[in-house]
Amino acid sequence: MNKPDLCVAKNREKVTINHINLDMNIKPVFNGKKYFLRTYGCQMNVHDSEEIKYYLEKLGYEYSDTLEDADIVVLNTCAIRENAKDKVFGYLGRCKHLKKIKKDLIICLCGCLTQQPSEVETIMDKHKYVDIVIGTHNLSELPKLIIEANGKQNIEVYSNSDKVFENVKYSRDSKISAWINIQLGCDKFCTYCIVPYTRGRERSRKIEEILKEVQELKKQGYMEITLLGQNVNAYGKDLNLGYDFATLLEETAKIGIPRVRFVTSHPWNFTDKMIDVIAKYPNIMPYIHLPIQSGSDEILKKMNRRYTVEEYKKLFDTIKEKVQNVSITTDIIVGFPNETEEDFKRTLDIVNYCKFDGAFTFIFSPRVGTAAALMEDKISKEEKEERLHRLNEVVNKYSLESNKKYLGKVVEVLITGPSDKGEDKVCGYTDTMKLVNVVGSKDLIGKIVKVKIADAKSFSLDGVVC
Ligand code: SAH
Ligand code: SF4
Ligand code: F3S
């Protein structure tokens with residue numbers, strides 16, 4: 001067993017990143033059996049689940065959307081906030097119950113929660129029925145661990161990694177829109193955040209490998225790709241090969257997939273060169289997720305975010321000025337340790353200044369092993385909840401305002417699937433990442449269509465094909 005050790009991640013010295021070409025031969029030894037996979041957390045996990053699905057399907061397992069039918073259950077976990085963790089342990093209860101009836105059921109945990117030593121200890125002590133615990137750095141070992149499962153708990157977790165696997169295979173959820181990892185891990189160490197510990201040091205994939213993947217997806221007819229990293233602006237820095245995110249974005253755009261997106265951009269180190277590339281190519285979508293986290297310089301400093309509110313505003317204004325019709329969304333944390341009412345009001349001020357198209361808002365959740373978890377905090381839970389409520393009111397007001405600007409306009413929408421708003425509707429996204437429910441048939445799925453917007457709500461638009 002390799003138990004993760006958080007201290008290793010904290011004291012990372014710069015080491016060479018090793019790019020390793022995966023060459024796997026997986027035999028279908030579980031033909032006729034079924035898998036159930038549940039994914040928690042961010043796009044990284046969603047994409048990792050596509051890798052997990054590939055392994056399970058190569059082993060012969062068939063997909064099942066019903067837990068009770070499964071021969072293997074995989075929970076791809078998230079550790080970003082306490083409630084993400086609670087959801088996983090809540091669901092594990094259902095799996096435990098099922099295993100009492102189905103003795104051969106294999107239960108497997110992977111994802112960020114498994115990279116936390118305290119959680120691994122809990123699984124070892126209180127959840128002995130879990131068969132496999134695998135970390136984020138060695139997912140490709142999953143087929144081997146499943147084949148070797150023998151009723152005893154097997155834990156394979158590494159605290160850190162200098163490896164980047166290339167030639168990874170995926171069973172993708174969509175034939176229209178695809179995720180592409182460009183960078184793994186994170187070296188920013190924002191004091192509240194567990195990600196640098198769960199995903200390890202920042203490692204970039206080589207540009208030629210990424211572009212090869214983009215070419216392949218284009219050949220397969222993909223309409224949209226999203227370049228994925230915790231902090232895409234830092235892409236390439238660890239490699240020192242003379243290219244950066246702007247280079248990658250430009251080369252990707254030139255390949256000609258109709259829609260190119262990227263996520264997430266840290267406000268630190270967002271260069272003018274990047275903004276110019278985004279502005280220049282019509283197939284780079286005018287949508288940027290730019291987390292601010294707080295509107296108070298004091299709090300930003302305590303968060304180790306490396307920018308001031310003034311610097312954020314300047315960047316925000318430059319993007320708005322240079323990228324036509326751009327939409328900008330953000331993430332905000334309220335109730336960071338000892339956040340004063342004044343600090344919080346500054347957060348409201350920046351929201352009022354930027355009038356974001358949308359914002360994900362969270363109450364600070366202390367994560368074991370991070371610096372902020374050790375900070376003194378006198379603010380009550382009720383106060384934090386009340387601030388979140390006040391913030392959401394303002395945030396939602398601007399989301400609605402920005403959506404209302406679309407009323408009566410004709411926009412291009414990439415239709416991605418059926419809508420849950422009615423049998424006669426499909427849904428998709430504008431270039432600015434607005435969700436649109438469109439009256440129309442399923443034949444439109446996978447196409448970019450012109451839609452006239454007839455109604456605007458806080459979180460979606462309604463329209464008709466014109
Ligand atoms: N790499 C991205 C963020 C990934 S985590 C970035 O830096 O922008 C997504 C969001 O979760 C963060 O932006 C932050 O707002 C929130 N978050 C992270 N850790 C948190 C914590 N301990 N408590 C509450 N929210 C948190
Ligand atoms: Fe977490 Fe900060 Fe890294 Fe984002 S940049 S993943 S918030 S440490
Ligand atoms: Fe993502 Fe959650 Fe891990 S947000 S990186 S799955 S902790």
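Mentor: With pairing: two strands pair if DSSP finds at least two bridges between them. Keep in mind that this is a predicted model.

Trainee: How do you know that S14 and S15 pair?

Mentor: Strand S14 (residues 287-289) and S15 share three bridges. The cut-off is at least two, so they pair. The sense is parallel. Tyr 287 stands opposite Ser 327 in S15.

Trainee: What joins S15 to S16?

Mentor: Six bridges, and the strands run parallel. Thr 329 faces Gly 358 of S16 across that pairing.

Trainee: What makes S15 mostly covered?

Mentor: Buried means under 20% relative accessible area. Eight of the eight residues of S15 are buried. On one side these are Ser 327, Thr 329, Asp 331 and Ile 333. On the other they are Ile 328, Thr 330, Ile 332 and Val 334. Both faces are therefore covered.

Trainee: Why do residues of one strand fall on two sides?

Mentor: Because side chains in a regular strand alternate between the two faces of the sheet.

Trainee: Why is Thr 308 called partly exposed?

Mentor: Its relative accessible area is 28%. Buried needs under 20% and exposed needs over 50%, so Thr 308 falls in between. Thr 308 sits in the loop between helix H10 (297-302) and helix H11 (309-322). Its C-alpha atom is 9.6 Å from that of Ile 292, 16 residues apart along the chain.

Trainee: Which strands supply at least two residues each to the shell around ligand 1?

Mentor: Strand S15 (327-334) and strand S16 (358-363). The shell holds 15 residues, and Asp 331 is among those that come nearest. By class there are seven nonpolar, four polar and four charged residues.

Trainee: Why are S9 and S13 called edge strands?

Mentor: The open sheet has the order S9-S12-S13, with parallel pairing. Strand S9 (177-181) and strand S13 (259-263) each pair on one side only. The twist averages 25 degrees from one strand to the next. Strand S12 (residues 224-228) joins S13 through five bridges. There Thr 226 stands opposite Arg 261.

Trainee: Do S17 and S18 run parallel or antiparallel?

Mentor: Antiparallel, over five bridges. At least two are needed, so this counts as a pair. Val 413 has Thr 430 as its bridge partner in S18. Six residues lie between the strands of this hairpin, where Gly 422 takes a positive phi near 145 degrees.

Trainee: How many bridges join S18 to S19?

Mentor: Five, again antiparallel. Lys 425 stands opposite Val 439 in S19. That hairpin has four residues between its strands, and Met 433 takes a positive phi near 70 degrees.

Terms used. Residues are numbered from 1 along each chain as its sequence is written. Chains are lettered from A and ligands numbered from 1 in the order in which they are written. This is a predicted model: local features need pLDDT of at least 70, side-chain atom pairs count only at pLDDT 80 or more; totals for chains, interfaces and linings use all residues. Side-chain values use heavy atoms; hydrogens and water are left out. A residue is near a molecule or strand if one of its heavy atoms lies within 4 Å of it. Ala, Val, Leu, Ile, Met, Phe, Trp, Tyr, Cys and Pro count as nonpolar, Asp, Glu, Lys and Arg as charged, and the others, Gly among them, as polar. Axes are lines fitted to C-alpha atoms, for helices over the stretch in contact, and angles run from 0 to 180 degrees between N-to-C directions. Buried means under 20% relative accessible area, exposed over 50%, partly exposed in between (1.4 Å probe, protein chains only).
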